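Please work through the exercises below with the sequence and the coordinates open beside you. Each exercise sets a task and then gives a solution in steps.

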Amino acid sequence: MIHLFKQTAPIRPPDTTASGRKRQANLRYVYTLTAFVSLGAFLFGWDQGVMAMIIADDRWLRLMQPANDWSVGFVISIYNIGCVVGAMTTGLFADSCGRERTISLASSVFIIGALLQAASYTITQISVGRFVLGLGVGAYSAGVPLYISEISPAELRGRIVGIELMILCFGEMVVFWIVYAFYFLDSDDWWRVPLAIQVVPALVLAVGCWTWVPPSPRWLVAEERYDCALEVLSRLHGSVAAEFEISEIKKTVSEEQAITQASWSDMFKRPVLKVTFLGIIIQMFQQTTGTNGIFYYAPSLFKKGGITDPTMANLATGGVGVVLFLSSWIPIFYFDRFGRKTWFQFGLIGMISALIGICVLQQHALDYPNSPANNAIVIFPYMFFTFFNMSWSSGSWTYAAEIFPISLRAKGNALCTASLWISNFVVAQVSPPIESATGYGLYVLFAIICVIAFFFVRYALVETRGKSLEEMAELFGIDGNEKDRDLQDSVRQGLLQSSLRDEDATLVDDNSEHTE
């Protein structure tokens, strides 16, 4: 059955390519593929932000009649359980069908969930729709960074994953203002429109990943389709670098197959256990440091900070989307200039400062409820997301997608993504009752977790900046064959940098090539 979904067609050079011609690296093609598959990230961002204003609206509450804060939290958090299941199944489908076909299948599931949500009339119905939608989003969250990390040159991997983050944040920004616009409709069903229109980009992504996006070259090597892998690498990185890369990938896959059998149990055996631990914890901290505790319930945060007008609170929430989008450009240009650990630590310092500011301003609103100074509460969520976006938002996804050996990368990335979604579920479920019971105590808790994360990054995390995916096994002690690694590293970087310089000079139009 799985074979029916696998891409099996041969991938050949286009007819316009002369025999024996050396092709240059084509970054335009890499960026085009990244932007297209990142429609999955756009939809991920859309559904991260679409419910924030909806669950705070009196018309939606009158229709759905949630019993208490736990019921509202469940509508939000059941989506995360779907994401856990979707992320975990990504490992199976990505290894069996290919990365791009998995994204296409995820889009089909996503469409079903979106339509179920939009047609719901009860808490039960919308919860079922949210769960099904989560299956698709969970597969996106694991499959998209996995694919783009495997088509990216090592020297640009942080930037490429940063582009995915920027598109995700663009989705968060757009959906805030779409929801805000429909909020003013004189209809109790206004909220159905932003839940339904996401079907359109999902359909485009499903068709494109099935018919146009090429398979990952590393997946093709694992399938022993070496000629196809060489062709895809040539289109992406140039023919000279491709010949070196494919030999490196083949060698790494062969060595890893001798060491591991690529089963789930291998994720928890030495020496892979350390990699699994780091990936799971880094993705867990990405959520438990407070991002979605603030993001999902931003209107409530602003209200308790003294902005009592619902329209103004929603407007301030829309500003969160703008901040997310603007700050997402920072890692695109600067993430690869510094180490992963440097970015994580720098971000945490800013996030802790912002959380302290939220606590101070919420206490001020309690003491002086009518003070104009209460409007300053908007500064600190914006500050939090700026520091989060430039560090953890792209950094944790990059780190988890790059650290595993090839034979375990799909399963490892799925497991780490599931860790993120489980943490997201817990945060989404417990944040409303904790905030109701303790007020700004929720943000004190997030600040404490940020401090713990800082020490984890400083003393436990392994730096991976500038390492190729094939070098990760040796970096973490999984591959005992260290001979010639330094030489391979310098040769690989020299070839890629030379090809990239040539590509910048000639701007070859290889992005018009397609899978035949």
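**Exercise 1.** Determine which residues Asn-424 is in contact with, leaving aside its neighbours within four places in sequence, and state whether Asn-424 is buried or exposed.

*Solution.* Applying the contact criterion (heavy atoms within 4.5 Å), one finds Gln-48, Asn-80, Gln-287, Asn-292 and Tyr-296 around Asn-424 once the neighbours within four places in sequence are set aside. Asn-424 belongs to helix H21, residues 406-438, where helices (H or I, at least four residues) are DSSP runs numbered from the N terminus. With a relative accessible area of 0%, Asn-424 is buried, given that buried means under 20% relative accessible area, exposed over 50%, and partly exposed in between (1.4 Å probe, protein chains only).

The model is predicted, so local features need pLDDT of at least 70 and side-chain atom pairs count only at pLDDT 80 or more, while totals for chains, interfaces and linings use all residues. Residues are numbered from 1 along each chain as its sequence is written, and side-chain values use heavy atoms, with hydrogens and water left out.

**Exercise 2.** Identify which residues touch the most other members of the largest nonpolar core, and then list the contacts of Trp-60.

*Solution.* A nonpolar core is a set of buried Ala, Val, Leu, Ile, Met, Phe, Trp, Tyr and Cys residues joined through side-chain atoms within 4.5 Å; the largest one has 150 residues, of which Met-51, Trp-60 and Trp-392 touch the most other members. The helix that gives the most to this core is H8 (residues 157-183), with 14 residues. Not counting residues up to four places away in sequence, Trp-60 touches Met-51, Ile-54, Ile-55, Val-75, Ile-123, Ile-126 and Trp-191.

**Exercise 3.** Locate the salt-bridge partners of Glu-231 and explain why the pair with Arg-23 ties together parts that are apart in sequence.

*Solution.* A salt bridge is a side-chain nitrogen of Lys or Arg within 4 Å of a carboxyl oxygen of Asp or Glu, and the structure holds 11 of them. Arg-23 forms one with Glu-231, the closest N and O atoms being 2.6 Å apart. Because Arg-23 lies in the segment before H1 and Glu-231 in helix H12 (residues 226-237), this pair ties together parts that are 208 residues apart in sequence. The side chain of Arg-235 also meets that of Glu-231 in a salt bridge, at 2.7 Å from N to O; these two residues are 4 residues apart in helix H12, so about one helical turn separates them. Arg-235 and Glu-231 are both buried, and Arg-23 is buried as well. Elsewhere, salt bridges that share partners join Asp-95, Arg-99, Glu-150 and Lys-411 into one network.

For another pair, take Arg-192 and Asp-189, whose side chains meet at 3.1 Å, N to O, in a salt bridge. Here Arg-192 is buried, at a relative accessible area of 11%, whereas Asp-189 is partly exposed, at 34%.

**Exercise 4.** Find where Gln-65 and Glu-224 lie, and describe the backbone features of these residues and of the bond between Arg-270 and Pro-271.

*Solution.* Gln-65 is in the loop between helix H4 (58-64) and helix H5 (69-96), and has a positive phi of about 50° although it is not a glycine. Glu-224, placed in the loop between helix H11 (217-222) and H12, has a positive phi of about 65° and is likewise not a glycine. Both residues are exposed, Gln-65 with a relative accessible area of 63% and Glu-224 with 58%. Finally, the peptide bond that joins Arg-270 and Pro-271 is cis, with omega at about 0°, and Pro-271 lies in the loop between helix H13 (239-259) and H14.
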